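Work through the two exercises below with the coordinates open. Each solution goes step by step.

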Amino acid sequence: MQYIIIVVIVLLALFIVGLLIRRKHNVVIQRLEQEKMQIQHYPIFEELTKVKSLNMNGQTEEMFEHWRNIWTEVIDVHVIKIDSMLFDAEEYIDRFKFKKATNVELAIEEYIAKCEKSKNQIISELEELIGSEEKNRIEIEQIKEHYRSARKTLLAHQYSFGPALSELEKKVEQFVPKFEEFDELTVDGNYLQAREIVLGLNSESQIIYHLLSEVPTLLSEIQTKIPAAIHELRNGQREMEEQSYYLNHLELTKYLDHLEEELETLKSKLADLDVDSVAPRLTEVIEEIENYYDLLEKEVIARNYVDKNCDDTFQTLNEVVKVTKEISNEAVYVQSSYHLPENEAEIPRLGLKQLEVIQKRFELLVTRVKDEKSAYSSLQEELFEISEEIDRIKDEQEQFSNRLKNLRIDENKARAKLDSLKRILQETDRQLNKANIPGIPEEMDARIEEAEEQIYIVMQSLQDIPLNMNRVQSNIENAEKCIQEVSKHAQEMVENVMLIERIIQYGNRYRGTNPKVNDLLLESEHAFHQYRYIKALEDAAAAVELAEPGAIKRIEELVQDELYEKSHY
């Protein structure tokens, strides 16, 4: 009994699953049936009736028959086949033969897709045919209008097109047979072929429009504007040569002769409507002509520069030569009293040599100007370089002259500085002698002796003949550094001695109550009398800080105030 129940349950489950799968297939069949109905009832023949508004001949008639045959095959063959396959699929589903039903469903989908493709192809080709007819009708009128406008332009402005007129007329007249061919194709219903004619005519009309616009402009350049510029350049060249300008380096005559020959070639190319090669070359020619105008103008500007600056440069050159000779003589005189480095002493002599070379260059320049066989642009460049070289030498000599004048000033400053250093050293010595100190340490004596030696070295260097100011300056710098250090250390020593005395005086109050303080103060006093002031200060400070922390800072402030009052008193 238990096994029977299990078998019944399994059979029931299988039956339910089968029902669910059959239901899914029924949904697919319903969709396929609906898609088949959409194809079957699509108003394709109503769409095809639009063709009847066209000329039902030739290509139009052939396409119409082709579309009708395709759709008749779809309705009479493929749709009936789909109906049969749908019936078979339903039968397989009812009998639970789902695998066979799936295969049939896939085959139906392929048939429907094929029918859909045929439908879309017919609609696309139909729209292309009707659209071609409409576009042809609109565009051919525009092209004809362009054709009429082009003919009027050629008739009304024949002179503007010159030798290109004949070829332009041929190009325009080539439209006529194309118009006739278009009309024949349209009457015969060959709208797609007629469309190709329209596209070709449209492209040709654009070319004609471009030629009608460009040819008169280019011809005007070739026949009028450029020849006028050539004539103007020849006249300008002749007038400038009559005014003694040298222009052979420009080779202008050769260029203009060649250009006149080239214009004939360009004119022939324009007659053949070769606008693409003529237009860029004419642009280059115009730039070349502008460049020659600039070169001629440059020669005029250069001549004005030479005429204006030649005499001034000559005068400046003579002045610089005179000044340099004076500076050279002054240098010889100064060297009897002052030592000059070899490279500086050579400045006037080298300047005179350079000026001698410049004088020769200038004389050659003047000769070239008088001979009138050199371009003024090159003369201007040479004159400008000579002027710059003269200015450079002039600045160099002025700086050297100022250096000579400053030697006496530097000597006086050095002597004044020496006197100042002597006073500082004397004041330091006086300060040490005046201070109430047991004695001066050996280190300080050595520093003072070194400072005195540095003073002596400076005095000796100031007595040299000739006087070497570089050495004097170096000695003064060494002496100043040494004396400043002596003064600084002397000041620190005097302050330390005063501070030691005040600290010991302050610490005496703790001697009787604090033996350690007493011992440190005794050590400080012993070091103090041996001139070991740093040691004495350390021991005294340690003693007071031991007895009364923070007292040293107050004592230092009191000593600073006392020193301040003494210095201002």
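**Exercise 1: helix H14**

Step 1. Helices are DSSP runs (H or I, at least four residues), numbered from the N terminus.

Step 2. This is a predicted model: local features need pLDDT of at least 70, side-chain atom pairs count only at pLDDT 80 or more, and totals for chains, interfaces and linings use all residues. Residues are numbered from 1 along each chain as its sequence is written, and side-chain values use heavy atoms, leaving out hydrogens and water.

Step 3. The buried residues of H14 are Met-444, Ile-448, Ala-451, Gln-454, Ile-455, Val-458 and Ser-461. Buried means under 20% relative accessible area, exposed over 50% (1.4 Å probe, protein chains only).

Step 4. Down the axis of H14, they fall within an arc of 145°, so they line one face. The arc is taken over directions from the helix axis to the C-beta atoms.

Step 5. Exposed Glu-442, Glu-449 and Tyr-456 sit on the face turned away from the buried side. H13 and helix H15 (469-507) are among the cover over the buried residues of H14.

**Exercise 2: the largest nonpolar core**

Which residues of this core touch the most other members?

Step 1. Leu-168, Val-215, Ile-226 and Ile-289 do, out of 59 residues. A nonpolar core joins buried Ala, Val, Leu, Ile, Met, Phe, Trp, Tyr and Cys through side-chain atoms within 4.5 Å.

Step 2. H8 gives the most, with 15 residues.

Key. Helices (H or I, at least four residues) and strands (E, at least two) are DSSP runs, numbered from the N terminus. Contact means heavy atoms within 4.5 Å.
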